[in-house]
Amino acid sequence: MSTSTIPANAQWFALHTLSGQENKVKNYIEKFKKAEELDDAIFEILLPTEVVSEVKAGKKSTKVRKLYPGYVFIQAKLYDENAKLINKPWYFVKETTGVIGFVGGDRPAALRQREIDEIHARIEAANGKEVPKVTYMVGEDVKITDGAFASLTGRIDEVDPERGKLKVSVSIFGRFTPVELEYWQVQRLTE
């Protein structure tokens, strides 16, 4: 959606949704806003997500995780020039199946520009990146679960979250050797 078609008085609002209903809410509003003739009142619907990877039983899997579970963000024109609530878009969104209500209740509170900029920044940071479900710290002991060094243990020397890589010192033939591994190739040693 080009910003030239969005009026200056359009604002961002947070919708509280039932858990697990975020996608349905987003899809419904996007699908039916045109049929309800609300293209001039509802503009963009955001459901920020990231891709998360984890290893279970030696198999790497990825899934999409919501950055703000239970919330959908909507850019809409809900107030007229006199700061009076416009009923049609408000009722359409509020009555959507899965929507609990607007944050702010019957007088929805618009998000500050800084808040929506942070949400956009998180979306941009997560775009195209796989985030490990588990994060590791330097000095932590781990067991290698995959690759040439599987079943050996080592200590984390470096963590590179941008690339999803770890440098792990592994004892091979009595010498500590640094090995670069991906997050999913190791697991924490249980205490």
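## Salt bridges

Arg 155 and Asp 141 join their side chains in a salt bridge with an N to O distance of 3.0 Å, the term being used for a side-chain nitrogen of Lys or Arg within 4 Å of a carboxyl oxygen of Asp or Glu. Arg 155 belongs to strand β9 (residues 153-160) and Asp 141 to strand β8 (residues 141-144), so the pair ties together parts that are 14 residues apart in sequence; strands (E, at least two residues) and helices (H or I, at least four) are DSSP runs, numbered from the N terminus. Arg 155 is partly exposed at 44% relative accessibility, and Asp 141 is partly exposed at 33%, where buried means under 20% relative accessible area, exposed over 50%, and partly exposed in between (1.4 Å probe, protein chains only).

This is a predicted model, in which local features need pLDDT of at least 70 and side-chain atom pairs count only at pLDDT 80 or more, while totals for chains, interfaces and linings use all residues. Residues are numbered from 1 along each chain as its sequence is written, and side-chain values use heavy atoms, with hydrogens and water left out.

By the salt-bridge rule the count comes to ten. One of them links Lys 66 and Glu 22 at 3.7 Å, N to O; Lys 66 lies in strand β4 (residues 59-66) and Glu 22 in helix α1, so this pair connects parts 44 residues apart in sequence. Lys 66 is partly exposed at 26% relative accessibility, whereas Glu 22 is buried, with a relative accessible area of 2%.

The buried residues of α1 are Glu 22, Val 25, Lys 26 and Ile 29. These residues cover an arc of only 95° around the axis, which puts them on the same side of α1, the arc being that of the directions from the helix axis to the C-beta atoms. On the other side of α1, Lys 24 and Lys 31 are exposed.

Six aromatic pairs are counted, and in one of them the rings of Tyr 28 and Phe 32 are tilted, with 4.6 Å from centre to centre and 40° between the planes. Rings of Phe, Tyr and Trp (its six-membered ring) pair if their centres lie within 6.5 Å, and planes under 30 degrees apart count as stacked, over 60 as edge-to-face and the rest as tilted. Tyr 28 and Phe 32 are four residues apart in α1 (residues 22-32), and are therefore separated by about one helical turn.

## Nonpolar cores

The largest nonpolar core has 20 residues, and those with the most contacts inside it are Leu 15, Ile 29, Ile 42, Ile 74, Leu 78, Val 93 and Phe 102; such a core is a set of buried Ala, Val, Leu, Ile, Met, Phe, Trp, Tyr and Cys residues joined through side-chain atoms within 4.5 Å. At least two residues of this core come from each of β1 (11-17), α1, β2 (42-46), β5 (71-76), α2 (87-94) and β6 (99-102). A second, separate core of eleven residues includes Ile 156, Val 168, Val 179 and Val 186.

Leaving aside neighbours within four places in sequence, Ile 74 is in contact (heavy atoms within 4.5 Å) with residues including Leu 15, Ile 29, Ile 42, Val 93 and Phe 102. Phe 102 also forms one aromatic cluster with Phe 13 and Tyr 79.
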